[in-house]
Amino acid sequence: MRYLPLTPEDRKEMLATIGAASVDEFYTDVPEAARLGGKITGLPDHQGELAVERHMGALAAKNRTASEGPFFVGCGAYKHHVPATVDHIIQRSEFLTTYTPYQPEIAQGTLQSLFEFQSQVAALTAMEVANASMYDGSTACAEAAVMACRVTRRQKVVLSGGLHPHYAAATRTVCEAQGIEIVQLAPGVDDELALVDAVDDETACVIGQSPNVFGTVTDLTPVADAAHEKKALLVSVFTEAVALGMTMPPGEMGADIAVGEGQSIGNPLNFGGPYVGLFACSKKLMRQMPGRLCGETVDADGNRGFVLTLSTREQHIRRDKATSNICTNAGLCTLAFTAHMTLLGEKGLGHLAQLNHEAACMLADALEGVPGVELLTPRFFNEFAFRIPGDAGDVLEKLDGLGVVGGVRASRLYPGKGLDDVIIAAATECTSEADIKAYADALATVLS
Amino acid sequence: MSMNSQGRPTTPSAPSAQPAIETVSGSRGLQQREDLIFETGSTTKTGVDLPAPKGGMDRLGGVTRKKSVGLPGLSEPEAVRHYVRLSQQNYAIDLGLFPLGSCTMKHNPRLNEKVARMPGFADIHPLQPQSTVQGALELIDELATWLKTLTGMPAVAMSPKAGAHGEFCGMMAIRGALIARGEIETRTRVLVPASAHGTNPATAVQCGFKVDEIKADARGRVDMDDFKSKLEGSDDIAGIMLTNPNTCGLFETDIREIADLIHQAGGYFYCDGANFNAIVGRVRPGDLGVDAMHINLHKTFSTPHGGGGPGAGPTVLSEALADFAPVPFVVEEDGVFHLVEQRSGEGSDAFGRLCAFHGQMGMFTRALAYMLSHGADGLKQAAEDAVLNANYLQSRLKTVMTPAFDGYCMHEALFSDAFTAEGIETLDIAKAMIDEGYHPMTMYFPLVVHGAMLIEPTETESKAELDRFCESLLSIAEKAKAGDQSLKSAPYLAPKRRLDETQAARKPELRWSEPDKIAAE
């Protein structure tokens, strides 16, 4: 048992120091009926590293990776290249194996990187302040809705028809428990501006997304104006952080709260998690934000340092009156994000965004050339929806048989909404021209 | 002059106090000064080489960014140095004992890191066809089997992303069950002990319940008289949220009775599983009458804390709550694994979705590798060693420090500040531990003990390390007892002296701004 340093002699000696005959004495508070005699049955005994690695390797081998061939799946998680440096940095013991920075004198590494992370997220979203992360984009979205209700003292939230359905579902879960009314607009590829007419005097916030789940980019300024006129807030969502390198960011559209998924920067696909939720807002809403906040201060010698701050918002101080129940967030994923963003810089981010956009433009051109394909997304960054004659599930399965993972069938996200013939496909800097050609050729074969 | 083990002279006649040496660089030996990337980087510099764009393609329809982003970049060597220098200002488990009570800071095996990075796990997309991710679904199913078997519970929701998220999941399942019973309007009260983690009351409120606090008794357990009086003649009880072993590091002796009484009162039993590490293989929560319990994979099952996450909080559910689990979940049929993402039909019992996708896969791989490594026998031994280590610390430390309660503890030892001299606080002891090269214990929690010091060594500490730790802490405790005022200014040797948290909160600076912009404000 390689993870246990105590020897049988140590145990004996320690029990003697304590004055106990055996460890059983420590468990006498357990009701007798609930004490397990031997070990739990039905589970294997301990194994060496090699055996475990083989077992895990066998499971891993049953999955098709995104790097194995042409791959076009997006909708909230994106296949990007992560520089080798990023993974090296997050595996530094001092970052990997430390806790939430409760003792700032010996956690400045984590704290300064969080301060830089918050500054980067604020800049990326063009918002005034950002927190130290949420679990992921969807939970950040749910927390934004609740925060808007707290700020406006209203109990109604309107969701656009292009908000990622998982984000909408997570938001509904949190809101319904608190008696907050949810108004869900019908799914629409290019309907974000329908929020303009949906806002009324009872609305706490409207939640729009750009690029939305169908890939459509939208200037939400008219939505912000309409919301503000009714003293409601605009929550602006994004699931592809790279898009903010060239598309209009929430802050330029008048958003009060910006939330999104940061996975694209620094974090691998990981089958859906762990990811990193980005959360930013205007300065006047700062004290209503959920989650950890890192702030600048000085130490006893007058040197600059960083601490977790405004903790009177938080559960460990405020308990039942906290702004959120969040405790653990996405620590190491924020480090991956901030390290990758530092490597990119403004120059690299803009460049990366352009490569993504160009890959998607080339993909759209190629697929539009396939007879029967109808492009649905009018303006896009690196992802778009298109209609094919036939069932998207069947088509994707046949594409898979030809070695192409062609995207997400819209009906997986919107069951029973008449989107059975719609596919949503994404391209990134990892998508080669050969991949695009392979997709177009395979689709032509499948549809012919 | 003393000699080191190689026979070389050590610092000759060094003065006892640290000399105030000023350096030009601001660095202090291996402690390198490191400025913010916003001060050292530039928007025209980058640490990545990307192929040249082709140009001439634009389908954004004018929805473009108007202003510059303002993000500094660094070359690769500069970036590496930046983060490595920052890392050297952090304490970590890999450096030494990290006795934060209730946090279970145990060794993080590197095999876990290796398997989590296998492309078959790290490079798969949550929405790719299910036929292409059978190994991933099988892994989730296998981990679920371990969790169900270890807890003796029939169902588990895998998607909660951390402990507090698991609490939310469990309380939402209780809410779902009450809705199904038609009692959600009347059953609004959740009992929470005063010693509970702050997440418990926060979660209850987030789920639409009211919190009613139960007192602790003189033994550090639930005050049964207070508990019973709250149930008496009531018909508004939704449930109880109870940590077991509790936050005083003690097993709740009356737990079966508490479970029975809450059930008789028509409520459900939520157990906060943060301290499961103490009892794995010795007790199954399912045998205690628990209806829902989250399991912090980042505590009990060794996934790294990463400076505050990511965690994972799968939540086991009893028969009574199993139907109220969120989507998605994995089912197996003839060797094929399916991910159920929508409950079929109207009036389904599920409360919906907790988050996008299927949970913290990266933590699942690590936790399963840990479980397979330890096996059923090793997990039990780990729990016993964790409890043995804590009792060893308690028995050595109580020679000077004041145990909060009599008797043996479970996996963590709790002390009050009763032994300290007037004017010396728990905070001062904690900060002095930093100078001794240790991370402090959990301070001022649980709230039911004055000046609480909660010490959890975990099972991955050797006896020698525990002995060194005791010597350090005992010497500080002696000083605290004697009223040594030097403790008030500790730490002296850390990368930073005590930080001014009041100033940080009074005028919050949460991001970097241009110096001239700050002056203008």
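According to the UniProt record (unreviewed entry), residues 1–396 of chain A carry the feature "domain: Glycine cleavage system P-protein N-terminal". UniProt positions are given in the numbering used here, feature names are shortened, and annotations may be inferred rather than shown by experiment. Over this stretch, residues 1–396 of chain A, the chain is 36% helix and 12% strand, and the end C-alpha atoms are 47 Å apart. Helices (H or I, at least four residues) and strands (E, at least two) are DSSP runs, numbered from the N terminus. The model is predicted: local features need pLDDT of at least 70 and side-chain atom pairs count only at pLDDT 80 or more, while totals for chains, interfaces and linings use all residues. Residues are numbered from 1 along each chain as its sequence is written, and chains are lettered from A and ligands numbered from 1 in the order in which they are written.

Chain A is divided into domain 1 (84–340) and domain 2 (346–447), with bounds that come from an automatic or database domain assignment. Taken over C-alpha atoms, the centres of the two domains of chain A are separated by 28 Å. In domain 1 of chain A, 16 residues are in contact with 22 residues of domain 2 of chain A; two residues are in contact if their C-beta atoms, placed from the backbone, lie within 7 Å. The side of domain 1 of chain A that touches domain 2 of chain A consists of 10 nonpolar, four polar and two charged residues. In this classification Ala, Val, Leu, Ile, Met, Phe, Trp, Tyr, Cys and Pro count as nonpolar, Asp, Glu, Lys and Arg as charged, and the others, Gly among them, as polar.

Chain A contains an open sheet of seven strands with mixed pairing, in the order S1-S7-S6-S5-S4-S2-S3. Two strands pair if DSSP finds at least two bridges between them. Strand S1 (129–130) and strand S3 (181–184) of chain A are the edge strands, each pairing on one side only. S1(A) runs antiparallel to strand S7 (residues 277–281) of chain A and is joined to S7(A) by two bridges; A:Ala130 has A:Ala280 as its bridge partner in S7(A). Helix H9 (residues 221–229) of chain A lies across strand S4 (205–209) and strand S5 (233–238) of chain A, at about 150° to S5(A). Axes are lines fitted to C-alpha atoms, for helices over the stretch in contact, and angles run from 0 to 180 degrees between N-to-C directions.

Between the chains, 172 residues of chain A are in contact with 178 residues of chain B. Helix H11 (residues 331–368) of chain A supplies the largest share of the chain A side, 22 residues. By class, the side of chain A that touches chain B has 83 nonpolar, 55 polar and 34 charged residues.

Chain B has 14 helices and 13 strands. An open sheet of four strands in chain B has antiparallel pairing and the order S10-S11-S13-S12, with strand S10 (402–403) and strand S12 (442–443) of chain B as its edge strands. Three bridges join strand S11 (residues 413–416) to strand S13 (residues 453–455) of chain B, and B:Ala413 stands opposite B:Ile455 in S13(B). Helix H10 (residues 361–397) of chain B lies across S10, S11 and S13 of chain B, at about 30° to S11(B).
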